[in-house]
Amino acid sequence: MYIGLDLGTSGVKAIIVDDEQAVVATRTEPLTVSRPRPGWSEQYPEAWWTATQAALAALRREAPEAMAKVRGLGLSGQQHGAVLLGANGEVLRPCILWNDTRSTEECAEFERRFPESRSVCANIAMPGFTAPKLIWVARHEPEIFAATRHVLLPKAWLRYRLTGEMIEDMSDASGSLWLDVGARRWSDEALAACELRETAMPALFEGNAPAGRVKADLAREWGMTDQPVVAGGAGDNAGGAVGLGAIRSGNSFLSLGTSGVLWTTTDGLRVGTERGVHAFCHAVPDMWHQMGVTMSAAASLAWWSRVCGIDEPDLLAELPERIEEPSKAVFLPYLSGERTPHNDADIRGGFLGLSQDSDRAAMTQAVLEGVAFSFRDALDGLRASGSVVSEADVIGGGSRSPRWVRILAAALDIPLHRLKNGELGGSFGAARLARMAVTGEAPETVCLPAERSETVNPDAALRDAYAERVKIYRALYPAVKAMSGRA
């Protein structure tokens, strides 16, 4: 038996997977986000630990025999967060999360201090990444920065509580802007740009390597016979890729979660910073990946649902079963800024093209289309940097909507595959990594492809109409940027 733990922004998910890769039990404990100022996003690490303990205690109650047989535990989780620890391992301040935008000015400062950062770290400095956050802390909370002895990403801090060891995997470390992504090691120059040294960083391991053991007292508390091996683990998207079996060059998927990701696996490092494409190490050895990221994917529909006071399924039910033409309205999904292709934390979204005839259904359709057009920006960015994406699996909560998947297929002009279980996500990948850490099996043996339930091919008429609408969507950015800059 193997446990996969996924530390998300909205909750901690724990699953038990058996030797046949069937899910035996699952539990999710919710988390909340603190937003003390506009653009700020924080969580208390202790809340992660409380949720983890509750989730594993619930699994013990539900499946005690399975818990007794657990041999390995894997971690996946939200990337980029900054957990600052003092000399005794104490947390010095709330974790600044991936979707926090306070460090926009510090991004420029990081690249000024380290001019080779884009080639070495393989990414543009963006406010969501970890390195600019530390420059912000040094400027605005100097007493906290002076007391900082270690910096951990969220998943690494959770491992620290589980094992007592400070260890990080390559995929998660790639999102810090401190990793030499091609060489798979910490960059002294990148760390120096933030007034840090490698002694502040956790040790680096591959995602499928053994990287500590659960403490004996915790193992007893959760009904485990032995101290499970803890795998190196993965960042959330890399964990999802391992769970999908996307470990070979060219394997691609689209994650329609709170944020949106278009992923493709690569057998070498490909840098695409000109269009805001991310290039990270994969969670399996000798592999990398590229991602185009949109900040508000399913979050856009969730926002519209709150505004309307109507549940998301009911909003979607107002749309025709088959979308025949674009909405007359256009929606820009820049509710939390945008990464690919704009790297713009300040841009804000909106509706355009409304008339007296515009109804709620037309605006709902525009929301789905706006997110699809943002994915088209991501696709074009991946292609411009040399990746070939000719088809993709669709995962995440939004994948439950056949209408949305059809809109996406037409906007991207590629076949999209719906999966029989598209929501296991990072926790299932983490359990697979745990198994490999215990058994030493090769990734290609364990990371089998996910089973598909339906292939959605692009509708020709809708594809052509969306190709024209995308041009309008992109042309609106400069005007909305000017307005956002004055907001």
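Are Asp-169 and Lys-155 buried or exposed? Both are buried, where buried means under 20% relative accessible area, exposed over 50% and partly exposed in between (1.4 Å probe, protein chains only). The model is predicted: local features need pLDDT of at least 70, side-chain atom pairs count only at pLDDT 80 or more, and totals for chains, interfaces and linings use all residues. Residues are numbered from 1 along each chain as its sequence is written, and side-chain values use heavy atoms, with hydrogens and water left out.

Asp-169 and Lys-155 also form a salt bridge, with their closest N and O atoms 3.0 Å apart. A salt bridge is a side-chain nitrogen of Lys or Arg within 4 Å of a carboxyl oxygen of Asp or Glu. The pair links distant parts of the chain. Asp-169 lies in strand E9 (residues 167-169) and Lys-155 in helix H7, 14 residues apart. Helices (H or I, at least four residues) and strands (E, at least two) are DSSP runs, numbered from the N terminus.

The structure holds 31 salt bridges. One of them joins the side chains of Arg-161 and Glu-46 (3.0 Å, N to O). Arg-161 belongs to helix H7 (residues 154-163) and Glu-46 to helix H1 (residues 45-62), 115 residues apart. Arg-161 is partly exposed, at 24% relative accessible area. Glu-46 is partly exposed too, at 41%. A further salt bridge connects Arg-376 and Asp-380 (3.1 Å, N to O). Both lie in helix H14 (residues 360-384), four residues apart, about one turn of the helix. Asp-380 is buried, with a relative accessible area of 16%. Shared partners join Glu-42, Arg-93, Asp-100, Arg-102 and Glu-141 into one salt-bridge network.

The largest nonpolar core has 63 residues. Such a core is a set of buried Ala, Val, Leu, Ile, Met, Phe, Trp, Tyr and Cys residues joined through side-chain atoms within 4.5 Å. Phe-110, Trp-178 and Trp-263 are among the residues with the most contacts inside this core. Helix H5 (residues 130-140) gives the most to it, with five residues. A second, separate core of 43 residues includes Val-277 and Leu-476.

Helix H18 (residues 460-475) has 16 residues. Leu-462, Tyr-466, Arg-469, Val-470 and Tyr-473 are buried in H18.

Conventions: The expected span of a helix is 1.5 Å times one less than its number of residues.
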